[in-house]
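Hello,

Here is the structure I said I would hand over. Please open it first, then read my notes below.

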Amino acid sequence: MTRNPIFPGLAFPLRALFVPAVCVLLPACKPNTNGSASPAPPATAAEAKANPATATVQSKTAAGPNFSPEDIARLEAKAKQNDPEALIQLGRAYLEARGAAHDETTAADYFRKAADLGNWKAQKNLGLMYATGRGVAKDPAEALNWLRRAAGQGAVIAQEDLATMLAQGQLLPKDLKEAMNWYEKAADQGSMQARRALGRIYFFGEDGVTKDYALAEKWLKLAADQGDAWAQNTLGAMAEGGWGQKVDNKKALEWYLLSAEQGDARGQSNAARILGYDTNGIQEDKAEAYKWMVLSSEQGDTTASVPFADYQFELNPQQLAEGRRRIMEYKKKHSVQAAR
């Protein structure tokens with residue numbers, strides 16, 4: 001069988017059909033004009049979806065049941081005594097029409113009263129209202145003022161939200177330097193989201209930030225140890241690609257498998273690719289490779305679905321049966337429904 005001259009020891013049928021490992025980071029890589037692949041920064045839309053802080057004022061607080069008229073009356077009585085929590089609850093009642101008429105202007109007034117009392121949750125909500133123009137005139141400067149005050153009190157959620165908005169540059173003027181400052185404060189308090197974000201920024205060298213694989217690995221390792229599948233897959237790619245370290249395919253596979261086990265499609269396709277052939281010091285396991293290839297393909301990952309049709313014909317009946325058994329075992333363990 002012809003071997004790949006770029007990746008010695010790896011047969012063409014699987015490697016040639018898969019995108020190179022160093023490319024397979026979420027989200028997908030962008031092709032270069034020469035036909036090769038290179039990592040693409042995470043899409044803004046995907047980041048916004050992952051962190052809904054920029055979408056709604058109550059983004060990090062689950063909506064509760066409606067307040068009864070008696071509840072509203074009790075909250076209003078406490079609000080007259082400048083009780084911050086009562087003011088916030090009334091703000092949410094009007095904002096979400098939970099026992100009160102939907103009135104975002106009134107909601108903003110209640111949040112402002114609690115914010116003036118120094119409550120960080122009210123400051124964050126008011127900042128988000130200024131950022132989105134809900135209940136108040138849209139004012140990025142005023143939004144930044146309130147969000148900074150909330151984050152400055154050490155609340156991790158406020159720091160994450162402010163950092164993400166500054167990094168995205170959609171609702172606030174983009175300022176990656178300040179964003180990284182807030183990410184670091186949140187990361188130092190254990191925020192997995194902030195650690196992943198810092199790792200991503202240093203890995204890709206976003207917006208003028210110098211690529212620093214050592215720092216990227218530092219933050220991604222912390223996020224990965226907390227169970228972040230994207231960070232685990234990216235660390236696998238770094239180990240396999242030799243980015244900032246010696247190539248270590250065993251280490252790469254360990255990270256890919258951690259990501260794959262959590263259901264990350266790219267981690268699954270990477271694990272499948274490495275396990276598909278006896279190469280780079282990794283003993284082949286065709287049944288396991290088939291398992292991960294199918295699971296990734298069922299999620300729509302093209303790096304797996306493209307070679308899936310061909311690869312299954314390379315398995316003998318026993319390997320194919322074992323692969324299918326492992327797929328069912330994984331789905332039962334993780335309550336995954338078959339996509340097809």
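Thr132 sits in helix H6. Helices here are DSSP runs of H or I with at least four residues, numbered from the N terminus. Thr132 is partly exposed, because its relative accessible area is 26%. (Buried means under 20% relative accessible area, exposed over 50%, and partly exposed in between, with a 1.4 Å probe and protein chains only.) Its C-alpha atom is 8.7 Å from that of Ala143, 11 residues apart along the chain.

A word on the source. This is a predicted model, in which local features need pLDDT of at least 70, side-chain atom pairs count only at pLDDT 80 or more, and totals for chains, interfaces and linings use all residues. Residues are numbered from 1 along each chain as its sequence is written, and side-chain values use heavy atoms, with hydrogens and water left out.

Back to H6 (residues 120-132). Its axis comes within 7 Å of the axis of helix H7 (residues 140-151), and the two cross at roughly 160°. Axes are lines fitted to C-alpha atoms, for helices over the stretch in contact, and angles run from 0 to 180 degrees between N-to-C directions. H6 and H7 are therefore roughly antiparallel. (Under 35 degrees counts as roughly parallel, over 145 as roughly antiparallel, 65 to 115 as roughly perpendicular, and the rest as oblique.)

Next, helix H15 (residues 286-298). At 1.5 Å a residue, its 13 residues should span 18 Å, and its end C-alpha atoms are 18 Å apart, so the two agree. The expected span is 1.5 Å times one less than the number of residues. Of the 13 residues in H15, 13 are buried. Gly300 follows H15 and has a positive phi, near 90°.

Now the rings. The structure holds seven aromatic pairs. Trp292 lies in H15 and Tyr330 in helix H17 (residues 317-334), so the pair ties together parts 38 residues apart in sequence.

What sits over the ring of Trp292? The charged end of Lys291 does, 4.0 Å from the ring centre. (This needs NZ of Lys or CZ of Arg within 6 Å of the ring centre and within 35 degrees of the ring normal.)

Best wishes

Technical notes: Rings of Phe, Tyr and Trp (its six-membered ring) pair if their centres lie within 6.5 Å; planes under 30 degrees apart count as stacked, over 60 as edge-to-face and the rest as tilted.
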